[in-house]
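Subject: Structure handover

Hello,

Please find the structure below. My notes on what was found in it follow, grouped by topic.

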Amino acid sequence: MKIIVCVKQVIDTAARINIKNGELDTQGSSRVLNPYDEYAVEEALKIREKMPESEVTVISVGAEGFRDTLKAGLAMGADRAIHLSDPVFEGLDNLGVAQVLAKAIRTLNYDLILCGRQAVDDDMAHVGPSLAVLLGLPFVTVITKLEIFPDLKSAVITRQIEGGSEILETPVPVLLTCQKGLNQPRLPSLKGIMAAKKKEIQVMDAAAIDFDPHVMGKEANRLQEDKLELPPSRKKGEILGGSVEESASRLVQALREDEKVV
């Protein structure tokens, strides 16, 4: 089984966020493999453990530094890595990124495509479904369980919905976005880290995937980012003393006169 896992590099969720001139200042911020993508990589590796003839390929769009994310996927146990890197890929919105991925994936053989449910930096949850539409594939989002039939032509999927779960059967090939609860991502072992150093990362630019920047470049972005800013700082909390009646009266007064909510 040929499995492709789309991954993204994001700022570490434990890092301090700095905004400078309306833009995110990433200078000195540590970067990691998107946590939801770890579930996708882990699920691909679990499938390969059941079907040893399977091959797992991790793929990412980004600048030179994104190679570290691909190395993380290789260290976990992926077989191959593809880095889509070209200056014309910079500044693309989520649909543009999906178009780059679609162009590249069309040049590959695949039975299953896995993505994280969303990236923790923008929380758009847009790339996976967009990629499926561009490739003409069925897709299921926020899955928490996956069982592939031995004939590799269909799968049973459990997905998270509000208030419970939903069980679906889907044909294969299919694109799935992975949610927390699907598995427990493994930590790269020393053996895996050493093995990753010997694995080549294939680099593909715009020409290699026939990507036309004049048609699909950042000028064609549907989503325009105006500026970023931190939320306003919270005022110091106040403890209301006195009797219950006095506290309730003071609370209503504060909500009406200070916070303007009643």
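In these notes, two residues are in contact when they have heavy atoms within 4.5 Å of each other. By that rule, and leaving aside neighbours within four places in sequence, Ser154 is in contact with Ile148, Phe149, Glu169, Thr170, Pro171 and Val172. Ser154 lies in strand β10. Its relative accessible area is 13%, under the 20% cut-off, so Ser154 counts as buried.

Please keep in mind that this is a predicted model.

Overall picture

The protein has seven helices and 13 strands. Its C-alpha trace spans about 70 × 40 × 40 Å along the principal axes. Of its 262 residues, 41% count as buried. The accessible surface comes to about 15,300 Å², and carbon and sulfur atoms account for 51% of that. Among contacts between residues at least 6 apart in sequence, 70% join residues at least 24 apart.

The cores

In soluble globular proteins, nonpolar side chains tend to be buried together. Here, the largest nonpolar core has 36 residues. Those with the most contacts inside this core are Ile3, Val5, Leu112, Leu114, Leu146 and Leu176. Several elements each supply at least two residues of the core, including β1 (2-6), β6 (55-61), β8 (112-116) and β9 (139-148). Which element gives the most to this core? That is helix α1, with seven residues.

A second, separate core has 27 residues, among them Ile4, Leu101, Ala102 and Ile209.

Not counting residues up to four places away in sequence, Leu176 touches Leu112, Ile113, Leu114, Cys115, Val140, Ile143, Leu146 and Ile157.

Helix α1

Helix α1 covers residues 35-50, which is 16 residues. At 1.5 Å a residue, α1 should span 22 Å, and its end C-alpha atoms are 24 Å apart, which agrees. The buried residues of α1 are Tyr36, Asp37, Tyr39, Ala40, Val41, Glu42, Glu43, Ala44, Leu45 and Ile47. When reading that list, recall that an α-helix has 3.6 residues a turn, so residues three or four places apart point the same way.

Salt bridges

The count comes to 11 salt bridges. One of them joins Arg48 and Asp79, with the closest N and O atoms 3.0 Å apart. This pair links distant parts of the chain, 31 residues apart: Arg48 is in helix α1, and Asp79 is in the loop between α2 (67-76) and β7 (80-84). Asp79 is partly exposed, with a relative accessible area of 31%.

Arg186 forms a salt bridge with Glu49, and here the closest N and O atoms are 3.0 Å apart. Arg186 lies in the loop between β12 (174-178) and α5 (190-198) and Glu49 in helix α1, so the pair ties together parts that are 137 residues apart in sequence.

Arg250 forms a salt bridge with Asp258, the closest N and O atoms being 3.9 Å apart. Arg250 counts as partly exposed at 28% relative accessibility, and Asp258 counts as partly exposed at 45%.

A surface patch

Ile17, Leu24, Leu228 and Leu230 form a nonpolar patch on the surface, with about 320 Å² of accessible area together. Leu24 lies in strand β4 (residues 23-24). With a relative accessible area of 38%, Leu24 is partly exposed.

Backbone points to check on screen

Most residues other than glycine have a negative phi, and most peptide bonds are trans. Where is there a cis peptide bond? A cis bond joins Val172 and Pro173, with omega about 10 degrees. Pro173 is found in the loop between β11 (164-171) and β12.

Asp123 is not a glycine but has a positive phi of about 55 degrees. Asp123 lies in the loop between β8 and α4 (127-135) and counts as partly exposed, at 45% relative accessibility. Leu152, also not a glycine, has a positive phi of about 60 degrees. Leu152 is in the loop between β9 and β10, and at 26% relative accessibility Leu152 counts as partly exposed.

Regards

Note on methods
Residues are numbered from 1 along each chain as its sequence is written. This is a predicted model: local features need pLDDT of at least 70, side-chain atom pairs count only at pLDDT 80 or more; totals for chains, interfaces and linings use all residues. Side-chain values use heavy atoms; hydrogens and water are left out. Patches are made of residues with over 30% relative accessible area and no salt bridge: like charges are joined within 9 Å, nonpolar side chains (Val, Leu, Ile, Met, Phe, Trp, Tyr) within 5 Å. Accessible areas come from the Shrake-Rupley method with a 1.4 Å probe; for residues, only the protein chains shown count as cover. A salt bridge is a side-chain nitrogen of Lys or Arg within 4 Å of a carboxyl oxygen of Asp or Glu. Helices (H or I, at least four residues) and strands (E, at least two) are DSSP runs, numbered from the N terminus. Buried means under 20% relative accessible area, exposed over 50%, partly exposed in between (1.4 Å probe, protein chains only). The expected span of a helix is 1.5 Å times one less than its number of residues. A nonpolar core is a set of buried Ala, Val, Leu, Ile, Met, Phe, Trp, Tyr and Cys residues joined through side-chain atoms within 4.5 Å.
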